[in-house]
Amino acid sequence: MTVTRSPTGRAGLLLTAALVALLALAALLLPLDPSAMDLGQAWTGPSVTHPLGCDGLGRDVAARLIAGTGTSFAIAGLALALAVGLGVASGGVAGWIGGRADAVVLRLADLLHGFPELSLAIVAAALLGPGTEAMVLTLALASWPSQVRWCRALALSSRTAEHVRASAALGAGPLHAVRRHLLPAVAGPVAIRAALSIGPVMVAEATLSGLGLGIQEPSVSLGTLIRDGLAALRDAPHLIAATTVTVAAIALAVNLLAEGLREGLDPRRR
Amino acid sequence: MSRIMPLPAVLRLLLTFLAITAGLSGATLPAAAGTLRAGLSDDLTTIDPFAFPGLVSSGVLRQVYEGFTAFDAAGNTVPALATRWETPDGGRTWRFALRPDARFHSGRLFTAADVLWTWEHHLTRKPQPGYSAFYLRGVEGAAALRQGSSTTLAGVEISDPHTLVVRLTEPDALFPLYPFLFVDRGMEGEHGPAWHERASGGTGPFRLMSWQRGESVRLEAHAAYWGGAPTVDAVSLAVLPDTNTLLARYDAGDLDVATLPDNAVRTVVRQPRYDGQIKAFARAQVRYLALNQDLYPPFRDRRVREAVGLALDRVATVNGLHAGRAALTNGFVTPGLGGYQPDAVPLPPGDPDRAKALLAEAGHDGGRGLPPLQIAGGPNVREEATYFAAQLTAVLGIPVGVRIQERAAFVAAINEGQEALFINGWTADFPDPIDQLATQWHSASPTNRTHWRNPGFDRLMERARGLADPVARNALYREAEALLRDQAVAVPLATPQFVALVRPGVTGVVIRPDGTTDYHSARLP
């Protein structure tokens, strides 16, 4: 298996497995409704019935953490799928065709790349408004410039590769070149970059929701949990502690996995 | 004449050393004696007394400028710059006797000419009239002055420097209560059009000394204040919008008074370290869950509106969300405002089964035919909106979401009628129920955010405005409130009190029902 070839990848796999097992175990043992409220339990600390305590509306923090992790993963996954899809379509085509199309796409990407991704996301979130769909679109738009440059670079190097030129000289059409040479060449690097981006995108979601620009109640994400935890930081620090540890662990696991994948696919390391 | 003894060299050295170290650590030393230190929940939007101030700026400007009358701590009208006001013709003409001993911060005497100058400036201000132009619309000649066809306000007569007669186009019993801020007419000539950035031009107990944008405001005592000089020398207000920072600064001893945001009250009152330091004050505010019948057609059916109210457990929020520092009534006026006492109509308890039955009667059994719905609000009502959304989801049979926006965006959205269901509130600008009734429910009011219209209600408000007798006026207000209740136009919600942390030994700090903190009688330990 490609990932397990490096110690980094193995560490990532181990951490991911531990996280998944912990979340699955918690979901099985604590079948609590993340939206169920009991004002009498507001801000109670960890107990047997509520292992991570309750928030200001008496909702179980553990149940909300499980639900929030799922939501954040879904949002990050969808946003990256959209960003990668748009990146491959625009960057890949621009790099492969070249000429004026390439110049237009590159200038647009350069323009957007001039802004920090989080600033871009904040502007997009303010324009699109709050909500889950808007958040997916916001994060996809913010990630697009880096994806498009990456895809364009890969397409450009494939187009000028000797084996692609040779196949063209032998009479292969453009469709053949795209299907047999371009896509296989870009798939691996694009997947690795997307995997590496999951952590930062989840953190961006958390930041935007923490700022009130993200998803809205009753939906819950790691970002909304951080926002609620920050509001009660002094008096109920247990609210934010569990969430920040989870975000950090996920970001670490995803980065280790992606790094492991990159090392596994790197021909120089074989 | 006493001879100054030369200080021994060692002592001088010691004093020099102390002075240097004090200078180096000046930022962390306690404030100078006599300066009361408090927090501001946000930065000021303006210090121009002619611009619309908003709640935070208004709280500061009211320390500096005054009107004819003011709020007292119980929500009643008390004289400020007018000592007497009377009407010989049922509110069409008003004669004001002005305080003869009131002086501006410049030292000049306050006179009727300052009142007239302030009003004319509001009406002729460019590019937009001053915010008090709304209250002056009924003064004879106000329209002509605004349009430029006249150069003076014809409806104002000054018989002597301390007597002013105002003629209105129609009776207005509330004219003496309007929250004017009278300005020293010499300021513009001395300091230019932006005089308010350079000088303090009011008669209030404090003069505005500085405003560091986003950081702080400094007020200094007006020694010649007609009500007696304030006890403290100065008030230093730090802009602290973040609750954690506000509390950290209070805990560190940097603040004497910390007014708490509503959504922080219940976390703070749980802390034993604040025992004896929590002060609560009544608030002249109405709060309600507003239903826009234009935007959400099912709300046109009274049964649906009633069902929304019955779906909610509002009583639980008084303790559960406001730690008991809130008042909940079944009405649309703050009891006691201007002496008003509403009819005692108990709040119907939450009854989800009855709510479901009403919805079924209206043809919406199990949520059938109900479009998607969200409770909108500003960031300070997030928990309350989430709590009510869960209860509405359970009763209506459709998922009810929450839409929290930044405050300015939320206010813009409800002013433009873009929200169907939202948490709204209105704090009285002057002590009379009409400020909570007409502003919210009169069909011509720009702040009627539900767009509810009822000609009968409008007539009640117009009649009340012309009644100088408060007893007769209050009878009409009770009738208007009964109409709002009968129509189930909105769902009254608990109104939180103003709550502040006040350092032990600090006395006399009062938050008036309109949200203005009164520092005039404040004393430091």
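Strands β6(B) and β7 (residues 163–167) of chain B run antiparallel and are joined by four bridges. The model is predicted: local features need pLDDT of at least 70, side-chain atom pairs count only at pLDDT 80 or more, and totals for chains, interfaces and linings use all residues. Residues are numbered from 1 along each chain as its sequence is written, while chains are lettered from A and ligands numbered from 1 in the order in which they are written. Helices (H or I, at least four residues) and strands (E, at least two) are DSSP runs, numbered from the N terminus. Strands pair if DSSP finds at least two bridges between them.

A hairpin of two residues links β6(B) to β7(B). B:D160 stands opposite B:T163 of β7(B). On β7(B), B:T163 also has B:A97 opposite. β5(B) and β7(B) pair over five bridges, in the antiparallel sense. Together, four strands of chain B form an open sheet in the order β4-β5-β7-β6, with antiparallel pairing. Its edge strands are β4 (82–86) and β6 (156–160) of chain B, each of which pairs on one side only. Neighbouring strands of this sheet are turned by 20° against each other on average, direction ignored.

The two faces of β7(B) can be told apart. B:L164 and B:V166 form the covered face, whereas B:T163, B:V165 and B:R167 form the uncovered one. Helix α3 (residues 112–124) of chain B lies across β5 (93–98), β6 and β7 of chain B. This helix runs at about 165° to β6(B). Axes here are lines fitted to C-alpha atoms, for helices over the stretch in contact, and angles run from 0 to 180 degrees between N-to-C directions. Two residues are in contact if their C-beta atoms, placed from the backbone, lie within 7 Å. In the loop between α3 and α4 (142–147) of chain B is B:P127. The peptide bond from B:K126 to B:P127 is cis, with omega near 0°.

Helix α6 (residues 243–251) of chain B has four named buried residues: B:T243, B:L246, B:L247 and B:Y250. These residues lie on the same side of α6(B) because they cover an arc of only 90° around the axis. The arc is that of the directions from the helix axis to the C-beta atoms. A residue is buried if 20 or more other C-beta atoms lie within 10 Å of its own, exposed if 12 or fewer, and partly exposed in between, with C-beta atoms placed from the backbone. The cover over the buried residues of α6(B) includes β1 (35–40), β11 (257–259) and β20 (498–502) of chain B. Just after α6(B), B:G253 takes a positive phi of about 85°.

Two alanines of chain B also have positive phi. B:A323 has a value of about 50° although it is not a glycine. B:A323 sits in the loop between α9 and β14 (326–327) of chain B. With 19 other C-beta atoms within 10 Å, B:A323 is partly exposed. For B:A488, phi is near 45°. B:A488 lies in the loop between α15 (470–487) and β18 (490–492) of chain B. B:A488 is partly exposed, with 18 other C-beta atoms within 10 Å. Most residues other than glycine have a negative phi, and most peptide bonds are trans.

Chain A has nine helices and zero strands. Its C-alpha trace spans about 75 × 45 × 25 Å along the principal axes. Buried residues make up 43% of the 270 residues in chain A. Helix α2 (residues 61–97) and helix α5 (residues 132–159) of chain A pack at an angle of about 35°, with their axes 5 Å apart. α2(A) passes α5(A) in a right-handed crossing. A crossing is left-handed if the near helix is turned anticlockwise from the far one by less than a right angle, and right-handed if clockwise. The contact of α2(A) with α5(A) has 22 nonpolar, eight polar and three charged residues. Ala, Val, Leu, Ile, Met, Phe, Trp, Tyr, Cys and Pro count as nonpolar, Asp, Glu, Lys and Arg as charged, and the others, Gly among them, as polar.

The contact between the chains takes 18 residues from chain B and 14 residues from chain A. On the chain B side, α6, α9 (315–320), α11 (382–396) and β16 (400–404) give two or more residues. α11(B) gives the most, with five residues.
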